[in-house]
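I opened this notebook to record what I looked up in one structure. The entries go from the whole chain to a sheet and then to a single side chain.

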Amino acid sequence: MSLIDEINKRKTFGIVSHPDAGKTTLTEKLLLFGGAIQVAGAVKSNKIKKTTTSDFMEIERQRGISVATSVMGFEYRNKQINILDTPGHADFAEDTFRTLTAVDSAIVVVDIAKGVETQTRKLVKVCRMRDTPLIFFVNKMDREGLDAFDILDQIEGELGVKVVPLSWPIGMGSRFKGVYNIYEKQLSLFKPHAKQSESETIIIKDLSDDALVKHIGEEDAQTLREDLEMLTIYPDFAKADYLSGEICPVFFGSAVNNFGVKEMLDCFVDIAPPPLPRQTDVRPVRPDEPTFSGFVFKIHANMDPKHRDRIAFLRICSGEFKRNTNYLHVRESKKMKFSQPTAFMASQKTIVESAFPGDVIGLYDSGNFKIGDTLTEGEVMRYTGIPTFSPEQFRIVENADPMQYKKFYKGLDQLMDEGVAQMFTRTLDNKRIIGTVGALQFEVIQYRMEHEYGARVRYEPLRLYKAAWISGDADKIKAFVARRKRDIALDKKGHPVFLAETQWTLNTVKENHPEIAFHFSSEY
Ligand code: G4P
């Protein structure tokens, strides 16, 4: 197959949701359709369970298992579908943000009863930074929840996207009868726990067709007709608008009942983008360029503390990656070759001879890689668009064992490269500040420093609202940094950040310094 055919065959995407909306269940149903797993429960058992929030060792163990499901690939209607798994646990949101830089599109799962939730908001915001095409799946229609129009309003109002419903629910909860598939003009009747092949689908091109009343009754038929008439307030579906991120198709269903999932998958296969060109610091790179390039978006530590090797996940962006071939590690200016590049397909790991744009492979790494690193065939360029986000919790970290300061710094450095947390150095006193999304990471760092590096850490509490990256005219930045010395730190790349104690401080400083721009992500 030619490179172009390989590229056009691939659809690489992520599924995101607030915990419990049904991401794992939906993933599992998609894998069942693709024949990648045979029984339900295979993915579920790898899920980081919500009940173990205080038991971080258990979470780390489960994260170890979930390496195997980092990329779940399967074939469906002659397409190679790659689902990049994102941790559902809110404390690992940074992992999810980074994984989203490696996808070409995403599916957002929303619970009809809960509507748009905190994590949904954050994750959609990250997707919107890159105009990632989004499809929404409104889940749990077998339960009572918000009115379908209200959920669309909420998605538009809270997430700042335009929606186009492509299926429409008939009733909900115990009165849920099915969905009308606007995209295919057919009615799918709901049967709890049906295998998709058993669910009844009736083609109804015209809603005045008697068949409609026969299947769902006069009252629901009338409501459906009225609802669909009201839907004309939404724009018509145009694939180009979806691809540019302007509109988001919405489907309704029930993942656990495998209902409405196939409709969405079929539409996804038709419309979702193949691997797209990506930006580097020197030029955009097209996937069909003959030379290989890719970037590391995630690093996972080996779960065995005796071996400190890690797995770096590489997204291929152009050309063909080949095993045992010399490639340039751009940041380190050195050539590297890989004898065991690994593909993670559902529960199996296999060594691959070659991989194509859109694919993700795992590279065994003994400490060479950092998140964001680029590999090429020789060209010096770096993929951009892999930002870090302002953490939400902060602590000062100190070496608790003066005899082991080397191990302390080495351990911290490596854990930060892996993206476990972010580190800032306060300019005033050179103290190191660790910033995380969730409190759990502090425990993870403490544990891993001790067990993997033989170093002990001590934390000091630090009350901060945000760390905001600052930009502006170089002289003005210099003056601002000198004036606010107490509140300035440097990130790992040496860029200045403003440490705001409260939202009020941040707002006041913004007002007093209109010459400085403040950012909540490192790429601005
Ligand atoms: P997540 O990955 O987004 O965190 O969610 P997950 O799929 O684990 O689903 C969370 C809960 O919601 C699960 O129940 C799951 O069975 C249920 N669920 C998923 N889809 C639907 C649906 O369409 N309708 C209904 N009623 N429930 C749904 P659980 O009790 O937490 O787990 P389990 O014991 O069922 O496995």
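My entries on the model follow below.

**Entry 1: the chain as a whole.** I note at the outset that the model is predicted. I counted the secondary structure of the protein chain and found 13 helices and 31 strands. I then looked up burial: of its 524 residues, 55% count as buried. For the surface, I recorded that the chain exposes about 22,700 Å², with carbon and sulfur atoms supplying 50% of that area. I also checked the contacts between residues at least 6 apart in sequence, and 71% of them join residues at least 24 apart.

**Entry 2: an open sheet.** I followed a sheet of 8 strands, which is open and has antiparallel pairing. I wrote down its order as E27-E24-E26-E25-E29-E30-E28-E31. Strand E27 (457-461) and strand E31 (517-519) stand at the edges; each has a single partner strand, so one side of each lacks a neighbour in the sheet. From one strand to the next, I recorded an average twist of 40 degrees.

Entry 3: I looked up how strand E29 (residues 488-490) is joined to strand E30 (residues 496-500): the two run antiparallel and share 3 bridges. For Leu 490, I found the bridge partner in E30 to be Pro 496.

**Entry 4: Glu 452.** I located Glu 452 in helix H11 (residues 440-453).

Technical notes. Residues numbered from 1 in each chain as written. Predicted model: local features only at pLDDT ≥ 70, side-chain atom pairs only at ≥ 80, totals over all residues. Heavy atoms only, no water. Pairing = 2+ DSSP bridges. Helix = DSSP H or I, 4+ residues; strand = E, 2+ residues; numbered from the N terminus. Axes fitted to C-alpha atoms, helices over the stretch in contact; angles between N-to-C directions. Buried < 20%, exposed > 50% of the residue type's maximum accessible area, 1.4 Å probe, protein only. Contact = heavy atoms within 4.5 Å. Areas by Shrake-Rupley, 256 points an atom, 1.4 Å probe, with all protein chains shown as cover.
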